[in-house]
Amino acid sequence: MKIIETYNTGETFELGRQIGQQAKAGEVYTLIGDLGVGKTVLTQGVAAGLGIEEPVNSPTFTIVQIYEEGRLPFYHFDVYRIGDVEEMDEIGYEDYFYGDGVCLIEWAGLIEEILPETYRRITIEKDLDKGFDYRRITIEELP
Ligand code: ADP
Ligand code: MG
């Protein structure tokens with residue numbers, strides 16, 4: 001387990017960039033944390049680290065956004081609005097989870113039952129005692 005503390009948006013982006021640079025084909029990352037904590041900021045860093053130049057935002061009307069211009073395919077899920085895990089079946093999530101790209105899943109706690117056996121969990125938390133822009137980011141390799 002690794003804990004990284006960031007004190008501004010840029011540091012979280014930079015952490016994501018390093019993760020994207022080191023990511024390997026087939027890896028799945030989950031992102032846990034409240035609304036506005038910085039999941040998308042970190043995701044944008046991962047995309048940059050993979051060499052993706054087009055803008056990355058949270059997919060609003062689709063569960064997954066696919067980027068193929070980088071070093072590896074990048075599958076960005078945001079399952080915040082998912083009603084039922086069956087919606088994941090409908091988009092054929094297994095092709096992504098068990099494919100040759102890098103998956104990153106915002107709000108992965110909502111689809112816990114279908115997560116692969118092995119994945120990396122990134123948890124982002126605020127601690128207002130340490131300032132409004134402080135974030136504690138925990139990276140765990142599961143299991
Ligand atoms: P989420 O995807 O978790 O809902 P976003 O990444 O969209 O959150 O938004 C995070 C917000 O918090 C941004 O406005 C960002 O500028 C701000 N912010 C402030 N400090 C940090 C930090 N240390 N790391 C990441 N984001 C931060
Ligand atoms: Mg988001």
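Residues are numbered from 1 along each chain as its sequence is written, and chains are lettered from A and ligands numbered from 1 in the order in which they are written. In this predicted model, local features need pLDDT of at least 70 and side-chain atom pairs count only at pLDDT 80 or more, while totals for chains, interfaces and linings use all residues; side-chain values use heavy atoms, with hydrogens and water left out.

The magnesium ion (ligand 2) is coordinated at 2.2 to 2.4 Å by Thr40, through OG1, and by Glu106, through OE. Thr40 belongs to helix H2 (residues 39–49) and Glu106 to strand S5 (residues 102–106), so the pair ties together parts that are 66 residues apart in sequence. Donors are N, O and S atoms within 2.8 Å of the metal (3.2 Å for Na, K and Ca), and sites may look incomplete because water is not among the atoms. Helices (H or I, at least four residues) and strands (E, at least two) are DSSP runs, numbered from the N terminus. Glu106 has 2% relative accessibility and counts as buried; buried means under 20% relative accessible area, exposed over 50%, and partly exposed in between, with a 1.4 Å probe and protein chains only.

Helix H2 itself has several buried residues, namely Lys39, Leu42, Thr43, Gly45, Val46, Ala47 and Gly49. Their cover includes helix H1 (9–22), strand S2 (28–32), strand S4 (74–78), S5, S6 and S7. Thr43, in helix H2, is buried at 0% relative accessibility. Apart from neighbours within four places in sequence, Thr43 is in contact (heavy atoms within 4.5 Å) with Leu31, Val56, Phe74, His76, Leu104 and Glu106. After H2 comes Gly51, whose phi is positive, near 90°.

Attention now turns to strand S7 (residues 135–142). Six of its eight residues are buried, so S7 is largely enclosed by the rest of the structure. Two strands pair if DSSP finds at least two bridges between them. Strand S1 (residues 2–6) pairs with S7 in the antiparallel sense over five bridges, and Thr6 stands opposite Arg135 in S7. Strand S6 (residues 119–126) also pairs with S7 in the antiparallel sense, over eight bridges; here Tyr119 stands opposite Leu142.

The structure holds six salt bridges, each a side-chain nitrogen of Lys or Arg within 4 Å of a carboxyl oxygen of Asp or Glu. One of them joins Arg17 to Glu14, with the closest N and O atoms 3.0 Å apart. Both residues lie in helix H1, three residues apart, about one turn of the helix. Arg17 is partly exposed at 27% relative accessibility, and Glu14 is partly exposed at 29%.

Another salt bridge joins Arg120 and Glu27 (3.5 Å, N to O). This pair links distant parts of the chain, with Arg120 in strand S6 and Glu27 in the loop between H1 and S2, 93 residues apart. Arg120 is partly exposed at 21% relative accessibility, whereas Glu27 is buried at 10%. Glu27, Arg120 and Glu141 are linked in a network of salt bridges. Glu125 and Arg136 also form a salt bridge, their closest N and O atoms being 3.7 Å apart. Glu125 lies in strand S6 and Arg136 in strand S7, so this pair ties together parts that are 11 residues apart in sequence.
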